[in-house]
Amino acid sequence: MSEYRRSREAGALYFFTVVSHGRRPLLTRPDLRLCLRRATQEVRERHPFAIHGWVLLPDHLHCLWQLPADDADFGRRWSMIKRKVSQAWPDGGAPSLSRQLRGERGIWQRRFWEHLIRDEEDYRRHMDYLHWNPVRHGLVRRVADWPWSSFHRLVREGHYSADWGGGGEVEGAFGE
């Protein structure tokens, strides 16, 4: 079995990418979105974390979380969220025999990718990447046109201008 090296820093900010199994374009379906929202809320009640940014695309999501000062266990949170969504969503698809033996459904890839945010510049680059992603994938021409994004909340809070990512190329380096 592979041994994955993960950062384990309590109270840190982490950027995550979580992908649907086989990159199936199902994450923006209304019924699955509702399951994901409820699962995230339930997990946050038991194991708090702050959501700084989130974007949901058809086959993957990106988000940026901050964990409590005494907690570094993002893996437990993702495991619980994915399990709750899988249990609540009736149209999980037919899993392979390997997935059946592990008690998995056909919604999520087994793992996720995480990145420990190092500093303010890293934070800004990842937040911009997260919000620019629907434009990057050709789903919309302007960031503001994508409905499943924290961009709209952050505009209301004054962190982004409403016309940021209005089309064309946004200046700056994103992500890594």
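The dialogue below goes from the overall fold to one helix, then to salt bridges and nonpolar cores.

Me: What kind of model is this, and how are its residues numbered?
Reply: This is a predicted model, in which local features need pLDDT of at least 70 and side-chain atom pairs count only at pLDDT 80 or more, while totals for chains, interfaces and linings use all residues. Residues are numbered from 1 along each chain as its sequence is written, and side-chain values use heavy atoms, with hydrogens and water left out.

Me: How many helices and strands does the protein have?
Reply: Helices (H or I, at least four residues) and strands (E, at least two) are DSSP runs, numbered from the N terminus. Here there are 5 helices and 4 strands, and along the sequence they follow the pattern β-α-β-β-α-α-β-α-α.

Me: What share of the residues is buried?
Reply: Buried means under 20% relative accessible area, exposed over 50%, and partly exposed in between (1.4 Å probe, protein chains only). Of the 176 residues of the protein, 46% count as buried.

Me: Where does helix 4 bend?
Reply: The bend at a residue is the angle between axes fitted to the seven residues ending there and the seven starting there. Helix 4 bends by about 35° at leucine 130, and proline 134 follows within four residues.

Me: What is found at the ends of helix 4?
Reply: Aspartate 119 caps the N-terminal end, with a side-chain oxygen 3.2 Å from the backbone nitrogen of glutamate 121. Just after helix 4, glycine 138 has a positive phi of about 75°.

Me: How many salt bridges are there in the whole structure?
Reply: A salt bridge is a side-chain nitrogen of Lys or Arg within 4 Å of a carboxyl oxygen of Asp or Glu. A search of the whole structure finds 11 of them. In one, glutamate 121 pairs with arginine 124, the closest N and O atoms being 2.5 Å apart. These two residues are 3 apart in helix 4, and so are separated by about one helical turn. Glutamate 121 is partly exposed, at 40% relative accessibility, and arginine 124 is also partly exposed, at 32%.

Me: Are aspartate 122 and arginine 125 buried or exposed?
Reply: Aspartate 122 and arginine 125 are both buried. Their side chains meet in a salt bridge (3.3 Å, N to O), and a network of salt bridges links Arg118, Asp122 and Arg125.

Me: Which residues touch the most other members of the largest nonpolar core?
Reply: A nonpolar core is a set of buried Ala, Val, Leu, Ile, Met, Phe, Trp, Tyr and Cys residues joined through side-chain atoms within 4.5 Å. Among the 27 residues of the largest core, Leu61, Trp65, Trp78, Ile81 and Val85 touch the most other members. Elements giving two or more residues to this core include helix 1 (30–46), strand 3 (60–66) and helix 2 (74–88). Apart from this core lies another, of 19 residues, including Leu13, Val55, Leu130 and Val143.

Me: With which residues is isoleucine 81 in contact, leaving aside its neighbours within four places in sequence?
Reply: Contact means heavy atoms within 4.5 Å. By this rule, isoleucine 81 is in contact with Leu36, Ala39, Thr40, Val43, Phe49 and Trp65, its neighbours within four places being left aside.

Key: Polar contact = N/O pair within 3.5 Å; in protein donor to acceptor, adjacent residues only side chain to side chain.
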